[in-house]
Amino acid sequence: MATPADTSPLGLTTLAPPAPEQPPAAAAAQRQVRPDIEPDQTGLTGQILVGVFVGLPMLALLAAAPLAWGWGLGWHDIVIAVVFYAISGLGISMGYHRYFTHGSFKANRPFKIALAVAGTLALEGPVLTWVADHRRHHKYSDKEGDPHSPWRFGNDWKALTKGLAYAHMGWMFDPNRTSQEKFCPDWLADSDIRRMDRWFPWLVAASFLAPALIGGLWAWSWQGAVTAFFWASLVRISFLHHVTWSINSICHTFGKEEFSVRDKSRNVNWLAILSFGESWHNLHHADPTCARHGALKGQIDIAARLIWVAEKLGWASDVRWPDEARLTGKRTGSRKLGSMTRRVERAPGPVAGR
Ligand SMILES: [Zn+2]
Ligand SMILES: [Zn+2]
């Protein structure tokens, strides 16, 4: 029976189990040794809230398939769900991840605020929390200190099954909080982003209620409001949750290593469209600030294409497009880099591809 502290069959020392909740004195001592994390002041209440906001939409997702045949899935619901899925999913991909966490481009103020609002609608936490956790993930990436590595319990199939579940969902219930002072002082100093943190409960309410309101007005009936709430709020939120969490679980376990990396990040093609390009996760770990994750020819990356549009509109600038000189040596195969790449043979200057 594998335990969290096991050594893997390959002889690799595995990661320590998640720290249990500690009394304040012990927590303070731990902060001095490991200042990356700090105890969550909200404690049990916070964990219960995560449980409710994860569990409620997930129950709807589980009920969705049987209900779809017999009850209330109209084309209004599909349109509203797809639109809200795209807004909140792109808010995570373009906003929370590529802009706020990695600074893949600069955004003007209205675009920055729009990206923060859109990302908040995904119900994956306030921008500061998300950015701090994700920067810690990159700092430790599949080593001790990574908040959600599927390899934390070991390499045998039992440990990996447990690790996949932990990387997918379990890590969110860890009572330790990533230090925002340490990992995102840049955004803590930004008054717009601090305001987003305060608005978080209202934006969460809007993400639940706006689809119902639109559905009700569109159909001019209570039933239209109820079915839109079910499909475009609950099911949409849970579905996007699972797609995002799959980047942490599946894309650190299965898939192709098309660029050499020191962690287990992999490119997973079947998740590319649903995740707006986030599942090209192997390139992302090979070159984290790169704005296009699907950097190889033919790899569809919707978020990168929309950053390209934002750049043309003047909302985004200084976009860090794939750099042939930097990426060529990291490729493990012979597949060529795609469009938007800064080519070596061109004269130096702000050439950003097609
Ligand atoms: Zn990763
Ligand atoms: Zn990242």
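Helix H3 (75-101), strand S2 (106-107), helix H5 (127-140) and helix H9 (191-219) are among the elements that cover the buried residues of H4, contact here meaning C-beta atoms, placed from the backbone, within 7 Å. Helices (H or I, at least four residues) and strands (E, at least two) are DSSP runs, numbered from the N terminus. This is a predicted model, in which local features need pLDDT of at least 70 and side-chain atom pairs count only at pLDDT 80 or more, while totals for chains, interfaces and linings use all residues. Residues are numbered from 1 along each chain as its sequence is written, with chains lettered from A and ligands numbered from 1 in the order in which they are written.

Let's look at H4 itself. Helix H4 spans residues 109-120, and its buried residues are Lys112, Leu115, Ala116, Ala118, Gly119 and Thr120; buried means 20 or more other C-beta atoms within 10 Å, exposed 12 or fewer, and partly exposed in between.

Now for its partner H3. The axes of H3 and H4, lines fitted to C-alpha atoms over the stretch in contact, come within 7 Å and cross at roughly 120°. On the H4 side, the contact is made by Leu115, Ala116, Ala118 and Gly119, and on the H3 side the residues include Ile87, Leu90 and Tyr99.

Finally, visit phenylalanine 173, in the loop between helix H6 (157-168) and strand S3 (176-178). Phenylalanine 173 is partly exposed because 14 other C-beta atoms lie within 10 Å. Phenylalanine 173 touches Gln47 and Val50, leaving aside residues up to four places away in sequence.

Conventions
Two residues are in contact if their C-beta atoms, placed from the backbone, lie within 7 Å. The expected span of a helix is 1.5 Å times one less than its number of residues. Axes are lines fitted to C-alpha atoms, for helices over the stretch in contact, and angles run from 0 to 180 degrees between N-to-C directions.
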